[in-house]
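User: I'm new to this one and would like a quick tour of what sits inside. Can you take my questions in turn?

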Amino acid sequence: MNVCVTALGPMENSEVDPRFGRCAYFVFFNLHTRAVEAVKNPNVEASGGAGIQSAQLVASRAAIVVTGHLGPNAFKTLNAAGISMFSGATGTVKEAVAAYEAGKLARATAPDSASKSGIAS
Amino acid sequence: MIIAVASGKGGTGKTTVAVNLALVLEKVDFFDSDVEEPNAHLFLKPDIKITSEVAVPVPVIDAGNCTGCGKCAEVCAYHALAVIPHPGKKSQVLVFPHLCHACGACSLLCPAGAIREEARNIGVIEEGECGNIRFLHGKMNVGEVLSPTIIRRLKGKVRPDAVTIIDAPPGTSCPVVAAIRGVDFCVLVTEPTPFGLHDLTLAVDVVRQMKIPFGVVINRAGLGNDAAEDYCRAEKIPVLAKILFDREIAVRYSTGDTLADKSPEMAKIFTELYQNICQVKNEADRCS
C-alpha cells in the first residue's frame, strides 16, 4: 500500500510541502517494501483546478495522502476516490510517514484551507 | 460614441473621471463594468429600477446514462470535471461548477448524451437612472471568476445612438479587454508615480493592439514626478486633461461626493476633457 506525501523535493529526507494541489513533488512511499518513488507535480502553476488534477494523479497511485493542508476541491476529489487523508504533517517525508505509522496524524474529515491558497506561497 | 475609461493601475481615478465626465454631458448612458467591485453608484446614487440575473450553463451529469468514459474531463480546459475510477465499478464524474467557463464542450462531446446543462447565476445587472443619466452596472457574485461574461452581457445593453461612458475595471487582462472591445475611444487615467506610469505603458500596449483611439488623463498632477508626461510626449500620446493633487477632491471622494456639478472650475476640466476626446477622436477618424 502506498502513502503519498507532498514534498518540496523528491527524496525521503525532503521537507513536507504544506500545500496539496500545488506541492512541488508527490513522494510515494510503499509501506511494505519501504520503496520510495517521486513524481514532480505538473499542476504547480495551473491557473485553476490544481487540487482536482493533483487529487486524480494521486488517487491512481496511492490509498493514503499525508500533507499539510487540503483545499475544498482536492478534498472532494480525494474523498470521492476513497483516499484516506491526513493533514498537519511537518518535517521530512520520512518523519511524516513515521508520524502516520505511529498514528500521530489527524485524519482530515473536511478541507482546511481555501481555494487558491497554495498559489505563490 | 462609446468612451471607455481605463487605467492599468487601480486607484488612479477611473471612476472619478468617468462619473464627472458623465455629469458634464447633457444626456449620457453610464456603464460601470468593474463587475468585481463596482463603485460608480456610490457617487451617482442611481435609482435602480430593473435587476436581471446573469446565468451561465454548467454541466449536470446523468449518472444513469454516464458510462464513465472520461471524455468530458479530457476536453475540459479548466478542470471543472474530474473522473474518479472505482475498480470493478463504473467511474464517477465530479463537477466543479465554480471552475466551469460554460464553453459547452463536455455536453456537446459526451458520447453517451449523459450531460445536460443547467443555468447557474453568477451575478446581476442592475439598471436605473440618476437625472438625465441612464445608469447600468454589473455585480458579480462573491467567489465567481467569469467577469468577462457579465461585462459582455452588460455591454449588450449599450444603445448604438447614445453617448455612452464605460467605467472599465483596473488591470490589463480579460475583464479590461471585454470592457473596452468595440468602444470608439479609450481614456487612460494615470497618476504621476512610477507605478502609475508602469501600468500606463501596459494599458497603452493593450489599446494600441486593439486599435482603439486613446488619450491620457493625468490625475493627482503635482504628486510624484513628470515621467508620465514625458512618456506621453515621447510616445506622441495626447494628454486630454490634468487634475491637480488636491485635498478638497480627496475629501469629496471620501464622502461619495461629485466634483463637476459642484464647482465651475471642475466642470471646466471635464467639459474640456470631453472636447479633447472629440477632437482626438476626429483626428484619428481622419487618419484612418
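User: Which residues of α7(B) are buried?
Analyst: This is a predicted model, where local features need pLDDT of at least 70, side-chain atom pairs count only at pLDDT 80 or more, and totals for chains, interfaces and linings use all residues. Residues are numbered from 1 along each chain as written, chains are lettered from A in the order written, and side-chain values use heavy atoms, without hydrogens or water. Helices here are DSSP runs (H or I, at least four residues; strands are E, at least two), numbered from the N terminus, and buried means under 20% relative accessible area with a 1.4 Å probe, protein chains only. In α7(B), the buried ones are B:G196, B:L197, B:D199, B:L200, B:A203, B:V204, B:V206 and B:V207.

User: What covers the buried residues of α7(B)?
Analyst: Contact means heavy atoms within 4.5 Å. On that basis, the cover includes α6 (174–180), β9 (185–190), β10 (214–221) and α8 (227–234) of chain B.

User: Is B:R252 buried or exposed?
Analyst: B:R252 sits in helix α9 (residues 247–254) of chain B. Its relative accessibility is 18%, so B:R252 counts as buried.

Terms used. Buried < 20%, exposed > 50% of the residue type's maximum accessible area, 1.4 Å probe, protein only.
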